[in-house]
Amino acid sequence: MKAKVNLHFYAKSTKANAKGQFPIYVRLTVNGIRTEFSTKKFIDPTRWLSEACKMKGTTEEARSINSYLDLIKSKVLDIQMELIHKNQQLSIENFKELLFGSEEKQRMLVPIFQDHNNKIKELVGKEYALGTLERYTTSLKHTIEFLEWKYGISDIEISKINHAFITDYEFYLRSVRNCANNTAVKYIKNFSKIIKICLANDWLEKNPFANYKAKVKEVERVYLTEEEVQNIIEKDLKNDRLSLVRDIFLFSCFTGLAYIDVKNLTKSHISIGIDGEKWIFTHRQKTESASKIPILPVTQMIIDKYENHPQCVGEDKLLPILSNQKMNAYLKEIAGICKIDKELTFHIARHTFATTVTLTNGVPIESVSKMLGHKNLRTTQHYAKVLDRKVSEDMKILKSKLSQSVLKRAQ
């Protein structure tokens, strides 16, 4: 049976650039099987003739683009003649092999992933946090280990990555790596960024994530109650190191700042706010979003206490904070001393600010969201849900007490 070869040029609206120009794409169909690729040429959509498959006009740009499209037509025809002459099958694979040659073969996953990580490494401290680099480094490591586990290879052509690859990778993370749901979803999300890079560069024809869905499960955020916070404040800690850790933890409880953001604070981050009072003006390292936080009396007392601390003076720091690992180790000790039956970590302070310190005391959720530096109000709303559940639990206890009281009177 005679093979049917069809070539079609079109302006792809879904890939428009910042100037509103559309890239000109080639659609090659062989026996009903198609492949698409970009010519790397962009055009004003009003100047594209869809039926004629060319750019209208006689300008130098029009002549140049149309000549280039004619060259592609000629090349496809030459390939068709070459395959017939060599008595080889006219298949889409053979056309692609002769059209792209070794260029398509060298598009391997690991070098693309590694190049992405190298760029992040160069921008650590400027656009990215060190934790972001570590996350993608681990993600690449897991990807390579998956390739060896599933296929017995150390790399793979990106053209072979499909929906089954994604679901198998997710299964590997959950089973072999024993990742929890949210951890597995985060690694898959990291991997999807690499696929997006491939799609943006037209190295992939189809998005393997097109029909893939993964849902992050809501995690119950631990926070301290007002009584627990007060207990920590009033506890007489004999150890100076524990006292310092307690103070910085409380600073975070009353500002909502994460560990890295507290660590990065200097005196220059404190300025006069719109109300004439002292505020903290900073940016979250994680999201680069602004955080503007009024300084409460307890916060100011902690700042004043360590104003002349050698580390604050010598390193231009607002507070003499220890490493996150040491802070968390000492916080566990403080939790034991204060008889708090929770796994106390530094990040719980941020949750405590959102719930016990602000929302519980009637601070509007929009204000809390701004102080926390959340880009989306939905992120802050999770804390409100936590408080709703607490209200529900408290009301159930009240209902139980009232029911018992009614029963006693009836007797």
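Is Lys119 buried or exposed? In this predicted model, Lys119 is exposed, with a relative accessible area of 52%. The cut-off for that class is over 50%. Asp115, its salt-bridge partner, is partly exposed at 36%. The closest N and O atoms of Asp115 and Lys119 are 3.2 Å apart. Both residues belong to helix α4 (residues 109–122). Four residues separate them, about one turn of the helix.

A search of the whole structure gives 16 salt bridges. Side chains of opposite charge can pair when their charged atoms come close. One of these bridges joins Arg177 to Glu145, with the closest N and O atoms 3.2 Å apart. Arg177 is in the loop between α6 (163–175) and α7 (181–200), whereas Glu145 is in helix α5, so the pair ties together parts that are 32 residues apart in sequence. Both ends are partly exposed: Arg177 has a relative accessible area of 33%, and Glu145 has 23%.

Salt bridges also link Lys12, Arg27, Arg34 and Glu36 in a network. Within it, the side chains of Arg34 and Glu36 meet at 4.0 Å, N to O. Lys12 has an aromatic contact as well. It lies over the face of Tyr25, at 4.4 Å from the ring centre. Elsewhere, the charged end of Lys342 sits over the ring of Tyr223, 5.8 Å from the centre.

Aromatic pairs number 16 in the structure. In the pair Phe146 and Trp149, the planes meet at 35° and the ring centres are 6.2 Å apart, so the pair is tilted. These two residues are three apart in helix α5 (residues 130–151), which means that about one helical turn separates them. Phe146 is buried, with a relative accessible area of 0%. Trp149 is partly exposed, at 41%. Phe146 also pairs with Tyr151. Here the geometry is edge-to-face, with 6.0 Å centre to centre and 80° between the planes. Tyr151 is partly exposed, with a relative accessible area of 36%. Ring pairs extend the grouping into a cluster whose members include Phe146, Trp149, Tyr151, Phe165, Tyr169 and Phe171. Tyr172, Phe191, Phe209 and Tyr212 also belong to the cluster.

Leu77 lies in helix α1 (residues 60–85). Its relative accessible area is 47%, so Leu77 is partly exposed.

Terms used. Residues numbered from 1 in each chain as written. Predicted model: local features only at pLDDT ≥ 70, side-chain atom pairs only at ≥ 80, totals over all residues. Heavy atoms only, no water. Buried < 20%, exposed > 50% of the residue type's maximum accessible area, 1.4 Å probe, protein only. Phe/Tyr/Trp six-rings, centres within 6.5 Å; stacked < 30°, edge-to-face > 60°. Lys NZ or Arg CZ within 6 Å of the ring centre and 35° of its normal.
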